[in-house]
There are 2 protein chains.
Amino acid sequence: MNKIKIGIAGYGNLGKSVELGIRHNKDMELIGIFTRRDPSALKIITEGVQAYHFDQAANMKDKIDVMILCGGSMADLPEQGPYFAGMFNTVDGFDTHAKIAEYFKAVDKKALESGKVCMVSCGWDPGMFSINRVYADAILPEGGTYTFWGKGISQGHSDAIRRVKGVKDGKQYTIPLDDAIEAVKRGDMPELSARQKHKRVCYIVAEEGADRKQIEHDIVTMPNYFSDYDTEVYFITEEELKKNHSGLPHGGLVIRFGKTGLNLENNHTIEYKLVLDSNPDLTANVLLAFARAAYRLSNEGISGAKTVVDIPPAYLSDKSAEELRELFI
Amino acid sequence: MNKIKIGIAGYGNLGKSVELGIRHNKDMELIGIFTRRDPSALKIITEGVQAYHFDQAANMKDKIDVMILCGGSMADLPEQGPYFAGMFNTVDGFDTHAKIAEYFKAVDKKALESGKVCMVSCGWDPGMFSINRVYADAILPEGGTYTFWGKGISQGHSDAIRRVKGVKDGKQYTIPLDDAIEAVKRGDMPELSARQKHKRVCYIVAEEGADRKQIEHDIVTMPNYFSDYDTEVYFITEEELKKNHSGLPHGGLVIRFGKTGLNLENNHTIEYKLVLDSNPDLTANVLLAFARAAYRLSNEGISGAKTVVDIPPAYLSDKSAEELRELFI
């Protein structure tokens with residue numbers, strides 16, 4: 001069997017998780033890791049795999065079947081997505097919800113020109129949660145869909161608290177509120193504010209002599225990030241932070257409540273729940289499954305940008321249609 | 001907009017739920033209900049809709065876009081599936097897991113001859129649970145998948161207890177065992193026997209003067225249905241049975257436990273859970289969503305039998321690709 005030849009563009013947490021994920025997908029092999037920085041500075045885990053500069057990618061069009069884009073959604077992907085779409089089948093986890101339509105359009109244009117398949121926004125939210133929101137809406141047309149995140153580390157919010165004056169280090173957990181989840185499951189169809197759905201809990205290592213009251217005030221009143229939530233701030237030691245808060249756990253829950261019957265007398269709930277020790281590991285695994293789909297679609301002569309809901313589930317699997325019917329249907 | 005013209009073949013619990021479900025799918029209309037019995041004996045809920053005999057279906061090929069097959073999997077569908085596939089796009093909920101491959105082949109042959117699209121095994125298990133087993137296996141390749149059913153009424157087991165001597169009426173609940181679910185979520189990757197996964201609870205109305213000890217013995221020792229499970233038998237009055245056990249609730253849970261990381265040190269769980277007041281209502285709604293997919297695929301010139309994992313989620317939705325990206329991605 002010809003293995004699917006994978007390239008990784010960007011070697012942060014997500015890129016490293018993709019590298020490790022490839023080991024558990026027997027039909028894939030890692031060809032190279034691409035970076036904007038000095039390639040010789042990368043310490044690659046996989047023996048025998050080379051690092052290349054982004055500029056070298058153009059020479060490797062024939063050596064790579066799918067390029068997995070592991071840059072950030074804020075600064076990297078808006079540029080890198082269209083750039084790589086001009087040369088490769090790609091998969092990314094672009095997750096700025098408000099800008100997906102615009103990003104999709106930019107990638108689609110390049111992908112149609114190059115004749116490649118580019119999978120956009122393929123993590124778990126957007127990604128697996130999007131899939132579940134679409135299925136749930138289709139099979140329970142009368143109802144409401146609710147998404148909760150956590151308990152887990154939000155990297156954006158953790159970055160935000162580390163920029164507060166007097167903060168040496170810190171981590172922020174997003175925690176869904178049980179009362180809200182119960183109200184949804186019960187069928188109340190509640191209108192929930194940001195504050196009613198999640199709370200935010202911060203673990204802070206303060207700099208020596210810093211004004212803790214001021215730090216707490218600066219965090220809980222920070223617009224966009226914290227002012228719309230109930231936020232708890234705990235000061236801990238650097239050792240505690242390292243010991244208890246150095247992972248990247250996350251997860252979440254999509255719930256659909258819906259009604260059926262002559263007088264809408266029957267209630268139903270559909271729940272899709274993820275509990276993840278490592279947010280980047282699961283995201284990476286989802287990207288790899290959609291890389292398989294991109295490879296297949298490309299071999300069928302298809303091109304353009306696609307989202308997760310455009311792909312038949314069977315295209316994500318390394319198993320044949322007969323095996324899937326035998327094992328999973 | 002041209003509405004999708006739906007026919008219903010078979011008018012039991014499922015057929016009636018499909019009829020009601022169409023009301024909540026604004027892009028569909030019910031054209032007719034088909035029966036093996038005397039059409040004039042059917043009491044159809046929807047005003048203005050006619051009943052027809054199966055034999056009349058052949059004259060209505062141009063009037064119906066998708067025929068929803070609502071017969072039973074044991075006796076009806078093995079014959080009706082291929083029969084209607086020769087004339088119509090079809091959707092069914094064929095749920096005899098061990099015979100799906102054989103049934104698929106028979107329907108596929110007819111569908112390819114007639115140029116129609118026939119969606120096979122599209123309820124919730126097989127159906128939505130199958131989809132989730134495939135996704136979970138693809139995105140967490142190192143791990144195990146477990147399916148639990150209930151709490152809910154098993155119609156097959158309820159039929160079985162009603163055939164026991166001395167039983168006037170009865171209902172059987174399948175109940176998943178919390179210990180097993182917890183072990184799976186914890187990551188024990190347990191090997192679970194039938195008895196360790198579910199218990200069976202029977203509510204029995206005995207005939208006057210019947211030997212209750214004998215009834216209980218006959219039920220709990222019944223091979224295939226009960227002997228491999230811990231089974232509880234409760235005798236209740238006919239009034240109680242009607243009052244408390246006349247619905248058809250069901251549900252279940254697909255759990256994937258998987259591991260990632262350099263030394264498989266990160267644990268993850270994916271759960272898909274359904275809690276349903278009405279098993280036939282939810283099944284009907286799933287069939288209707290896949291009817292929409294069958295209609296679209298047929299308009300694209302595709303033919304043959306398909307399962308749920310062959311269909312992109314977007315094909316189930318009444319919303320456009322742009323709307324889906326806006327609302328759900």
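At 7% relative accessibility, B:Gln80 counts as buried, a class that requires under 20% relative accessible area, with exposed meaning over 50% and partly exposed in between (1.4 Å probe, protein chains only). The model is predicted, so that local features need pLDDT of at least 70 and side-chain atom pairs count only at pLDDT 80 or more, whereas totals for chains, interfaces and linings use all residues. Residues are numbered from 1 along each chain as its sequence is written, chains are lettered from A and ligands numbered from 1 in the order in which they are written, and side-chain values use heavy atoms, leaving out hydrogens and water.

B:Gln80 belongs to helix α2 (residues 77–85) of chain B; helices (H or I, at least four residues) and strands (E, at least two) are DSSP runs, numbered from the N terminus. Residues up to four places away in sequence aside, B:Gln80 is in contact with B:Arg36, B:Phe54, B:Leu69 and B:Gly71, contact being defined as heavy atoms within 4.5 Å.

B:Thr283, placed in helix α10 (residues 279–299) of chain B, counts as buried at 12% relative accessibility. Not counting residues up to four places away in sequence, B:Thr283 touches B:Leu14, B:Gly123 and B:Trp124. A polar atom of the B:Thr283 side chain lies 2.9 Å from the backbone oxygen of B:Asn279. Between the C-alpha atoms of B:Thr283 and B:Tyr135, which are 148 residues apart along the chain, the separation is 20 Å.

Chain A contains eleven helices and 14 strands. Its radius of gyration is 22 Å, close to the 20 Å that the globule rule gives for 329 residues, so chain A is as compact as a globular protein of that length; the radius is taken over C-alpha atoms, and the rule is 2.2 Å times the number of residues to the power 0.38. Buried residues account for 57% of the 329 residues in chain A.

Four strands of chain A form an open sheet in the order β8-β9-β10-β11, with mixed pairing; two strands pair if DSSP finds at least two bridges between them. Strands β8 (152–153) and β11 (230–235) of chain A stand at the edges with a single partner strand each, so one side of each is left without a neighbour in the sheet. Within chain A, strands β9 (residues 167–176) and β10 (residues 198–206) run antiparallel and are joined by nine bridges. A:Pro176 stands opposite A:His198 in β10(A).

Notes
Polar contact = N/O pair within 3.5 Å; in protein donor to acceptor, adjacent residues only side chain to side chain.
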